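Let's take a friendly walk through this structure, one region at a time. Keep the 3D view open as you read.

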Amino acid sequence: MTTAVETIHDEPLTIGGHTFHSRLMVGTGKYPGMDTMVRAIEASGAEVVTVAVRRVNLDRSKESSVLHFLDPRKIFLLANTAGCYTAADAIRYARLAREAGFNDFVKLEVIGDEETLLPDVAGLLEASKVLVQEGFKVLAYTNEDLVTALRLEDTGCAAVMPLASPIGSGLGLLNPFSVRTIKRRLHVPVIVDAGVGTASDACVTMEQGVDGILMNTAIAAAQDPVAMAQAMRLATIAGRAAYLAGRMPRREVAMPSSPTRGMLD
Amino acid sequence: MDVVINGERRHVTAGATLLELLHELDLDPRAVVVEHNRRIVRRVGLAEVTVSEGDSIELVHFVGGG
C-alpha cells in the first residue's frame, strides 16, 4: 500500500549511534506460528525486533531458535531481559545476549511484581549503571514516572522506555500527560513500550511526541496479526505526522467551520 | 561423568571440552551462548575449556519475546 508518508519531513531516529527510519519496533513473542510472525514483522516495517534469552531445548534445539526465521542482516535484534526480577539476573541475561554477537544493545527489564509485571525501578537503576559501564547501549523499560526516567538518563541509558500500560494488557496509553512530560524533559530518545491494544493507541501515543513505540502482543494476539501489523505501521506514521503537524488548540465551545455571513433571510 | 546442563543432570563423555559437548548434544556452537559455572565462555574459547564432574552449564539462545 502506498501512502503520502513521503511528504512527511521527519528526522530519522538515532539510538546509541544507530539510525533507524521506522519508529515502530516489534516483538517476536506469542505468535500463532513462525510464518505469521515473519509476515507480520515485514508488514510492520519495523527495523528493530526484540528477542528473549532462554535455555536451549536440548531435545528440539533445531526448531526453537527464533533466528531460524529472522535474518539478522536485515533487522536489528534487540535482546531483552524479560522475566528477570533482580538486577543481578538482568545483568546476567544481558551479558549472555551480547555474547550472541549481534550488537551491544539491550532492552533492560527488571520486573518487580508478578501480577502487573511493573518494573522494579531500584533494580532497574542498579542494573543500568553496571551495564552502561560495561559498554552496553541500555534501553530501559520503566514506569511513566519522570523522576525515574531522569535518573535512568543520568546513568547513561541510550533510551528510556516508559510504559503505556502494563505488558500485554492492551489498555492503551493510560497517562499521556506523564509520557509527554518525560519526552519534554529527557534528551535521550523516549520509546513507549508495552500496553498498546490497537492502532488508535499507537497513533495517540505517537501524537504525544515520543520518538518511537514498541509493541508485541497487540500484533501477535490480533485475529489477523499481519493485517494488524500493517495497521500499526500506518498508525505510527499517522501519529508521528500529526505530532509534527501540530494539532489545533482545544476549545470548550464550538466554532463554526462555515461562514456565518451570507445566510438567507 | 555427570554434569548439570540447563538445570538437568546429564551423563556426558569424561574429559570432554565444551566444544565437544556441544557436538555431542548436536548443537551448533554458532547458535548458542555457553555459560560454564556462571562464567560466559566465548566461542573461540570453547575448545579450551574442559568439563569436570558436577559442572553447571547453561546453553542459551534467542527465542520469541517482546
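## Where the two chains meet

The contact draws 27 residues from chain A and 19 residues from chain B; two residues are in contact if their C-beta atoms, placed from the backbone, lie within 7 Å. On the chain A side, the elements that supply two or more residues are β4 (48-55), α2 (61-64), β5 (76-80) and α3 (87-99). These names come from DSSP runs, numbered from the N terminus: helices are H or I runs of at least four residues, and strands are E runs of at least two. The largest share of the chain A side, 6 residues, belongs to β4(A). Sorted by class, the side of chain A that touches chain B has 13 nonpolar, 10 polar and 4 charged residues. Here Ala, Val, Leu, Ile, Met, Phe, Trp, Tyr, Cys and Pro count as nonpolar, Asp, Glu, Lys and Arg as charged, and the others, Gly among them, as polar.

A word on the model itself: it is predicted, so local features need pLDDT of at least 70 and side-chain atom pairs count only at pLDDT 80 or more, while totals for chains, interfaces and linings use all residues. Residues are numbered from 1 along each chain as its sequence is written, and chains are lettered from A and ligands numbered from 1 in the order in which they are written.

## Strands side by side

Which way does β4(A) run relative to strand β5 of chain B, parallel or antiparallel? The two strands run antiparallel, and 5 bridges join β4(A) to β5(B), residues 56-64. Two strands pair if DSSP finds at least two bridges between them. Find A:V51: its bridge partner in β5(B) is B:G64. A:V51 also has a bridge partner in β5(A), namely A:A79. β4(A) and β5(A) run parallel and are joined by 4 bridges.

Next comes β6(A), residues 105-108, which pairs with β5(A) in the parallel sense over 2 bridges. Here A:N80 stands opposite A:K107. In a regular strand the side chains alternate between the two faces of the sheet. In β6(A), A:F105 and A:K107 point one way, A:V106 and A:L108 point the other way, and all are buried. A residue is buried if 20 or more other C-beta atoms lie within 10 Å of its own, exposed if 12 or fewer, and partly exposed in between, with C-beta atoms placed from the backbone.

## Two helix pairs in chain A

Helix α4(A), residues 121-133, and helix α5(A), residues 146-155, have axes that come within 9 Å and cross at roughly 15°. The axes are lines fitted to C-alpha atoms, for helices over the stretch in contact, and angles run from 0 to 180 degrees between N-to-C directions. That crossing angle makes α4(A) roughly parallel to α5(A). Angles under 35 degrees count as roughly parallel, over 145 as roughly antiparallel, 65 to 115 as roughly perpendicular and the rest as oblique. The crossing of α4(A) and α5(A) is right-handed; a crossing is left-handed if the near helix is turned anticlockwise from the far one by less than a right angle, and right-handed if clockwise. On α4(A), A:V121, A:L125, A:S128, A:K129 and A:V132 meet A:T148, A:R151, A:L152 and A:T155 of α5(A). These contact residues divide into 4 nonpolar, 3 polar and 2 charged.

Now look at helix α7(A), residues 199-207, and helix α9(A), residues 225-245, which pack at an angle of about 25° with their axes 7 Å apart. α7(A) and α9(A) are therefore roughly parallel to each other, and their crossing is right-handed. The residues of this contact divide into 11 nonpolar, 4 polar and 2 charged.

A:R240 lies in helix α9(A). Is A:R240 buried or exposed? A:R240 is buried, with 26 other C-beta atoms within 10 Å. A:R240 and A:C203 are 37 residues apart in sequence and 7.5 Å apart in space, C-alpha to C-alpha. Leaving out residues up to four places away in sequence, A:R240 touches A:D10, A:R23 and A:M206.

## Two positive phi angles

Most residues other than glycine have a negative phi, and most peptide bonds are trans. A:K30, in the loop between β3 (24-26) and α1 (34-44) of chain A, has a positive phi near 65°. In chain B, B:N6 lies in the loop between β1 (2-5) and β2 (8-11), and its phi is positive too, near 50°. A:K30 is partly exposed, with 16 other C-beta atoms within 10 Å. B:N6 also counts as partly exposed, with 16 C-beta neighbours inside 10 Å.
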